Amino acid sequence: MISANLPALQVIIPLLAAPLAFLLRKPRLVWPFALLTTVLTLLVSIGLLQQVLDQGVISYAMGGWSPPWGIEYRVDSANAFVALIVSAMGAIVMFYAGTSIRHELPEHKQTLFHVAYLLCLAGLLGIVVTGDAFNVFVFLEVSSLSTYIMVSLGANRRALTATFQYLIMGTLGATFILIGVGLMYVMTGTLNMVDLAQRLPEVAETRTIYSAFAFVTVGVCLKLALFPLHGWLPNAYAYAPSVATAFVASTATKVAIYVLLRFVLTIFGVTFSFNTMPLGQILMVLAILAILIPSTVAIYQTNIKRLFAYSSVGQVGYIILGISFGTVLGVSAGLLHIFNHALMKGGIFLALGCLYYRTGSVQLDAFRGLGKTMPWTMAAIVVGGLGLVGVPLTAGFISKWYLVMAALEQGYWPLAVVVLAGSLLAAVYLWKLVEMAYFQQPDNATEVREAPLALLLPTWLVIASTIYFGINTDLTIGVATLAAETLIEGVR
Amino acid sequence: MVNLIDIVLMGLLLITAFAIVRMRDLFAIVMLFSIYSLASASFFVNLDAVDVALTEAAVGAGISTVLMLGTLAMTRRHEERRPRQPHLLPLFIVAVTGAVLIYGTLDMPHFADPAAPIHQHVVPRYIEQSGTEIGIPNIVASILASYRGFDTLGETAVVFTAGLGVLTLLGRFGRREELSDGRSMYHDMILRVIGKALVPLMLLFALYVQFHGELGPGGGFQAGVVAAAAFILYSIVFGWDRAQKIISPFALNIMMACGVSLYALVGVAGMLLGGEFLNYNVLGSYPAGGQHLGIFLVELGVGITVAAVMLSIYFDFAARLAVRKLEGE
Amino acid sequence: MVLGLYNYWIVVLLMMTGFYIVIAHGNLIKKVVGLNIFQTSVIIMYVSMGKVRDGAPPILTDGVTLYSNPLPHVLMLTAIVVGVATTALALSLVIRINEAYGSVEEEDIHTQEQSS
Amino acid sequence: MILVILDILSWICLLTGSFLGISGAVGLFRFPDFFTRIHASGVTDTMCTVLIIGGLMLQAESWQMVAKLLMILLLLTYTSPTSAHSLAKSAIRGGLRPTLGSGD
């Protein structure tokens, strides 16, 4: 019975656990409960991926109403893969949250944070596994609202303005998606993704569908912080509590990218998106700008969380660059980078959380002599940073390698130069930290010790996995290629 | 005739929207927004969307306006600054977006055209079969609670999240005992008498909307909002410290969580009895009976959560106001 | 065509008014109002799509065969509730911002953030 | 025959009600100060709703409809004067004083 209901359980477990955790009230009860929930969710998503790889696409009819009348949960290798990333990061970060949140938030807010975290996890997973275009909007709002809550709990008052800006931009993005879905619905009469994909070609050559395409794409790009629409991201990441930054940075934009893929490739179809509409060209230009400009801005940041937030905007550029080719190789490079970047950036933000735990600051000054005082934390940042640069033997290298291959396959060799330039910029901002940490003497005034094991353990688990997936690439590349094929072939 | 009403209402909406752009007085803006909401609710009735109209009137013109007024009471009333010079960039973005949308409407099926694809696919089954499959007359309620019941669970979760968020931001925690609400209108006899008469009527109406939702317009959301409005009225007239004696914040928290859990647990029950998640057919001895029970329970869950969250949000706002007053003195 | 679509065009105009308020005005409360107008207008758009000429409200009644489309109504019930949830959260953020900065004007807040 | 009379009556009610409503709105704009303004709108509004709902009752098709309209009327006769009252009261409390005398 459990195996038949896995798609529903994937979302239901965290969704039901959230109000129950709220009823428990006491943080010392809530955290273990939430941790248990996230671990169960992770197990479910592992099972789900296994099931998809064994049996192919799973279709689950919510409420027993067959699609397109009811809401369908449709799991294929692409969303099983993304769901695994989300729930894995969800579980690891939740383990870390126990110590970090107790330190950063007053007691009565800890419970609220954990509940919001569970809701956010449920929302993100709901977006990923659903096969219904409107259901995406509903769960997008569940995850967005809970993200706003988590970000607003940051200690600095600027967390509030950052959240407000995030809320405005996020709501605009969601409303754009809603408009786009509405226009698609009015032409086809259906909301089910598979059904939409089958019925759209008949009406694809209409101005309404062109307009729907524009609205959905712009709305999702707002959510995934593609370069000129990234305004909300740096401050939101910089001022959120450490746990929230690590979780949101490694999952939320990734899920938004998945939504883009799902809409553009599965629903509208590759031919429509890349031949009828000039999506490939537009995304490619924006991706190049995203790789170059925010990475340059990152160099001048003194708040290191903000630095890595800008770096995230740049890394999103790589993923979008892969997608802009519209080929199997390109999309699988993008998916690969979704996975690898989730690990690297998650690990780095967790390490920054360790730093904040000990020093109460993430400014550049706090890094002075950190190589001596907090060697493990600093090493984690460096290894994660090397991944961002794309040094061989790290996961980042693999995805960039594939990206360059995909570019060369299309004959776009100048793009290889852009990727290289992006890596150089990443090396520059990483060097800033390394110089401060290893070549400067620590202030003697403050005694800084290494972070507690409860924080270091999850951090290093993530960081070590970036190395593991940089060496053993069978699993990730296999699944990413399979997922890209599924997405591009679509349902036709 | 219907067209004429349409045009008048749309004209009203346009005037209100433009007035909001031009106005600088925030209080007037909020009241205009309330009018906008009410006008659109009337428009929905004209478009046959009675359920949507009821919700929009209760939520947009009711709760949203109350919350905005509460915010104004805590901030300042006037929009002080002139917007920075001519807004070329925003104007440009808006013009482009609008143009794309207008362009998109050009190939749309005409307004109210019965032959549009939207009326030919998927929906016919709801209209033709829901009477036998679900067995309740209100098709909107059938779709909301059963065919697309999972959306509604998500939506209830959104409401719960909002309650959680306002609790996090404005928190009722701490020294609420010593706070009392100096702003209460308890000493105004007319208000007291009318309030006493109205509150029970409103609660009765909420119950009617809740349980009559299967037969006519209504359902958990609308009922929840109306019930919350009744308590808000009580709290405005008699002071929120008195209102909190009737229904304590602690009880509200529990209700908030219990409503969502009830909804999700009904779904889980369907799963345990061998169906899919939220499959109500298996809940009863025959499918339509199960549907009936399922819809009743989930609507109840929605109603409880919505009422509790709306009231809780209002209490959070009111408590904040009282704290500010205390600190101001 | 004009007669068949004017309804949608007015709705687009309403939407864009709301959108303009959100992106052009610096007062946070006004932004929230604008956001609400934007969302309400999207709701009007959806509900307009569901209207069928001479249709009845979608509540099964004996002797009536032509009903307006109930599905957009269901979707928009969800959207309204999502809208009020967002509004509540946004307004409580405004209150907190006002406490922290003493202003709800974007420019004032920006100057304070630059100077600090 | 009786239907025609009912129809005429109902239209008289509706039109008078609408006229009162408009006159209230004009008063709201043209009267000199806050109190006279809410006086204008408050007083005419009450009669206006009574007439309009009365007119609608005459048009109603079933007793159920009449009962519902009656309830709406009752509700409005409760709330409309109360809101005018509390508006005036809070204006007084807020320091607003009526303009007395001839107004110039």
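**Note on the predicted four-chain model: domains, interfaces and local backbone**

1. In chain A, 45 residues of domain 1 are in contact with 49 residues of domain 2; two residues are in contact if their C-beta atoms, placed from the backbone, lie within 7 Å. The domain assignment gives domain 1 as 1-276 and domain 2 as 278-492 of chain A, such bounds coming from an automatic or database domain assignment. Taken over C-alpha atoms, the centres of domain 1 and domain 2 of chain A are separated by 22 Å.

2. The model is predicted: local features need pLDDT of at least 70, side-chain atom pairs count only at pLDDT 80 or more, and totals for chains, interfaces and linings use all residues. Residues are numbered from 1 along each chain as its sequence is written, while chains are lettered from A and ligands numbered from 1 in the order in which they are written.

3. On the side of domain 1 of chain A that touches domain 2 of chain A, at least two residues each are supplied by α3 (77-104), α7 (193-203), α8 (207-224), α9 (233-239), α10 (242-267) and α11 (270-276) of chain A. Helices (H or I, at least four residues) and strands (E, at least two) are DSSP runs, numbered from the N terminus. The most comes from α10(A), with 14 residues. By class, this side of domain 1 has 27 nonpolar, 16 polar and two charged residues. Here Ala, Val, Leu, Ile, Met, Phe, Trp, Tyr, Cys and Pro count as nonpolar, Asp, Glu, Lys and Arg as charged, and the others, Gly among them, as polar.

4. Helix α8(A) deserves a separate remark. Of its 18 residues, 15 are buried, so α8(A) is largely enclosed by the rest of the structure. A residue is buried if 20 or more other C-beta atoms lie within 10 Å of its own, exposed if 12 or fewer, and partly exposed in between, with C-beta atoms placed from the backbone. At 1.5 Å a residue, α8(A) should span 26 Å, and its end C-alpha atoms are 26 Å apart, which agrees; the expected span of a helix is 1.5 Å times one less than its number of residues. Just after α8(A), A:A225 takes a positive phi of about 60°.

5. A:A83 is found in helix α3 of chain A. With 29 other C-beta atoms within 10 Å, A:A83 is buried. Leaving aside neighbours within four places in sequence, A:A83 is in contact with A:Q10, A:S45, A:L48, A:L125, A:V128 and A:V129. The C-alpha atoms of A:A83 and A:A333, which are 250 residues apart along the chain, are separated by 18 Å.

6. Helices α17 (residues 395-409) and α19 (residues 453-471) of chain A pack at an angle of about 45°, with their axes 6 Å apart. Axes are lines fitted to C-alpha atoms, for helices over the stretch in contact, and angles run from 0 to 180 degrees between N-to-C directions. The two helices, α17(A) and α19(A), are therefore oblique to each other: angles under 35 degrees count as roughly parallel, over 145 as roughly antiparallel, 65 to 115 as roughly perpendicular and the rest as oblique. A:A395, A:F397 and A:I398 in α17(A) meet A:T466, A:F469 and A:G470 in α19(A). This contact has four nonpolar, two polar and no charged residues.

7. Of the four pairs of chains in contact, chains B and C share the most contacts. Here 68 residues of chain C are in contact with 81 residues of chain B. The elements giving two or more residues to the chain C side are α1 (2-24), α2 and α3 of chain C, and the largest share, 22 residues, comes from α3(C). That side of chain C divides into 43 nonpolar, 19 polar and six charged residues.

8. Chain D has five residues in contact with six residues of chain B. The chain D side divides into one nonpolar, three polar and one charged residue. Chain D does not touch chain A, the nearest C-alpha atoms being 33 Å apart, and chain C and chain D do not touch either, with nearest C-alpha atoms 16 Å apart.

9. A cis peptide bond joins A:P67 and A:P68, with omega about 5°; A:P68 is in the loop between β1 (58-61) and β2 (72-75) of chain A. A:R25 has a positive phi of about 65° although it is not a glycine, and its place is in the loop between α1 (6-24) and α2 (27-55) of chain A. With 14 C-beta neighbours inside 10 Å, A:R25 counts as partly exposed. C:D54, likewise not a glycine, has a positive phi of about 65°. C:D54 lies in the loop between α2 (28-50) and α3 (70-101) of chain C and is exposed, with 9 other C-beta atoms within 10 Å.
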